[in-house]
Amino acid sequence: MGDSLENSKFVDKFTEFAAKLGSQIHLSSLRDAFATIMPLYILAGVAVLFNNTIFQWILSGSALESAQYWGNMLVNGTLNISSLLIATVIGYCLSRNRGFDNPMAASLVSLASLIVMMPGSVSVIPDGASDAVSVSGVLTFNNVGTQAMFAGILIGLAATELFIYVSNIKKLQLNMGDSIPPAVGKSFSVLIPFILVMTLFGIISAVLNNVFHTSLISIITTMIQEPLRGVTTGLFGCVLIYSLGNLLWLFGIHQTVLNGSILEPLLMINMTQCMAAYAAGEAIPNIINAAFVPTFGMMGGSGSTIALIIATLVFGRNKATKAICKLSVAPGCFNINEPIIFGYSIVYNITMIIPFVLLPAIGIIIGYAATALNFMNECVVYIPWTTPPLLSGYLATSGDFRAVIVQLVIIAIGVVLYLPFVKINDKLMEKTASDNN
């Protein structure tokens, strides 16, 4: 009795913690921001796929270069300005979630603050040259693109919070009266906060440049982004966080509460770096990224339940669960598995949660090993999470059929893993039905 009470308290506390984490305003604003710019990254993925696969199948020489110009410009307008995009959208989403009445001004402050923190001079290698030269008054894709994404996130959050705080000080608001257009009045009401926030960031930038000969972008990238990314998107960290996220389904909490808040932003940084490197013909820097995890760890949805559907339809005996799986085939092919999670069910089902958590971890490990051993290409194309299994492996790896084989192996292992738990679940349902009668 005492152990049951303690377990109940733990579940309640864990559920409460997960719910609070998911609703934390900065994390939820970050999720909103990435959801907003996701279509741009999908477009970038299409451009990378065409430039480096499809065009190369059908074109060569100058015709290939001319066609690839289209993709290169799309990459420049998406991946290569990632930090600018994320900082601007974070400013808007965070201020909106705070209930601030001028989110457009907040997004402008966020963007402008990020630009202020950029280095005043950069080293570049001119076309045809071998040595780098120092250039002033330019923004490079290295500083506004994928490498600076985390800086864009942190500066966007900090600048927006400070701007909202200062803007809410009544004495700093300029009231121009009702005789002027509302848009002009809104602009003047935040004029002083705008000046104060930008001035502060300008002072920080000047001190870092003149005293420490660096920039905030460099500090954030080298001291925060890379160490954090190395831990959370390494194999162990990714498997641990993703498994904990899937475990939340046991309590009826969506896994994005944890994975979407902690893991997804860093996986997206990895993804943009991979797409940019692939587009430039460079070595792929990351195995684990935002395309890799769902491709090998979410086939059929959370828990890779496409394997559960197959195991139940082929070997299951319970009519109710088989009927649910028949209805779940179509949505499951597009990685939508709420019918399985709530109908089978996974929620509060200790029996089924074991393979539900284990299989995605196994899939990620197998996919990682296959990539590290050069059995298949890295995931370099960002695809929608609803892309069907097998097709997802082919597209994410820019047309590598070996990725499809890896997915088939994971699904086969998943069927074997789910099978004994399907049989246990069948017996439990039979016993429950018998007891009720």
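User: Where is the place of N374?

Analyst: This is a predicted model. N374 sits in the loop between α17 (350-372) and α18 (391-396).

User: Is N374 buried or exposed?

Analyst: Exposed: N374 has 60% relative accessibility, and the cut-off for that class is over 50%.

User: Which value does phi take at H213?

Analyst: Phi of H213 is near 55°. That is again a positive value in a residue other than glycine. H213 lies in the loop between α9 and α10 (216-232). With a relative accessible area of 67%, H213 is exposed.

User: Now aromatic rings. What describes a pair?

Analyst: Two things: the distance of the centres and the angle of the planes. In this model the count comes to eight aromatic pairs. Take F55 and W70. Their ring centres are 6.0 Å apart, with 70° between the planes. The pair is edge-to-face, as planes over 60 degrees apart fall in that class.

User: Why does the pair of F55 and W70 tie together parts of the chain?

Analyst: Look at the helices. F55 belongs to helix α2 (residues 25-58) and W70 to helix α3 (residues 61-76), so the pair joins parts that are 15 residues apart in sequence.

User: How do α2 and α3 pack?

Analyst: Read the angle and the axis distance. The angle is about 165°, and the axes are 8 Å apart. Angles over 145 degrees count as roughly antiparallel, and α2 and α3 are therefore roughly antiparallel to each other. The crossing of α2 past α3 is left-handed.

User: Which residues in α2 and α3 meet?

Analyst: On the α2 side, L43, A47, V48, F50, N51, F55 and Q56 take part. They meet L64, A67, Q68, W70, G71, N72, L74 and V75 in α3.

User: Now F163 and F194. What is the geometry of that aromatic pair?

Analyst: F163 and F194 form an edge-to-face pair, 6.1 Å centre to centre, with 75° between the planes. The pair links distant parts of the chain, 31 residues apart. F163 is in helix α7 (residues 149-167), and F194 is in helix α9 (residues 191-210). F163 is buried at 0% relative accessibility. F194 has a relative accessible area of 25% and is partly exposed.

User: Last residue. Where is the place of N289?

Analyst: N289 is in the loop between α12 (259-279) and α13 (292-297). N289 counts as buried, with 0% relative accessibility. The cut-off for that class is under 20%.

User: Which backbone nitrogens does the side chain of N289 reach?

Analyst: One is the backbone nitrogen of A291, at 3.0 Å. Another is the backbone nitrogen of F292, which lies 2.9 Å from a polar atom of the N289 side chain.

User: And which residues does N289 touch beyond four places away in sequence?

Analyst: N289 touches L267, N270, M271, C274 and C379.

Notes
Residues are numbered from 1 along each chain as its sequence is written. This is a predicted model: local features need pLDDT of at least 70, side-chain atom pairs count only at pLDDT 80 or more; totals for chains, interfaces and linings use all residues. Side-chain values use heavy atoms; hydrogens and water are left out. Rings of Phe, Tyr and Trp (its six-membered ring) pair if their centres lie within 6.5 Å; planes under 30 degrees apart count as stacked, over 60 as edge-to-face and the rest as tilted. Helices (H or I, at least four residues) and strands (E, at least two) are DSSP runs, numbered from the N terminus. Buried means under 20% relative accessible area, exposed over 50%, partly exposed in between (1.4 Å probe, protein chains only). A polar contact is a pair of N or O atoms within 3.5 Å; within protein, one must be able to donate a hydrogen and the other to accept it, and residues adjacent in sequence count only if both atoms are side-chain atoms. Contact means heavy atoms within 4.5 Å. Axes are lines fitted to C-alpha atoms, for helices over the stretch in contact, and angles run from 0 to 180 degrees between N-to-C directions. Angles under 35 degrees count as roughly parallel, over 145 as roughly antiparallel, 65 to 115 as roughly perpendicular and the rest as oblique. A crossing is left-handed if the near helix is turned anticlockwise from the far one by less than a right angle, and right-handed if clockwise.
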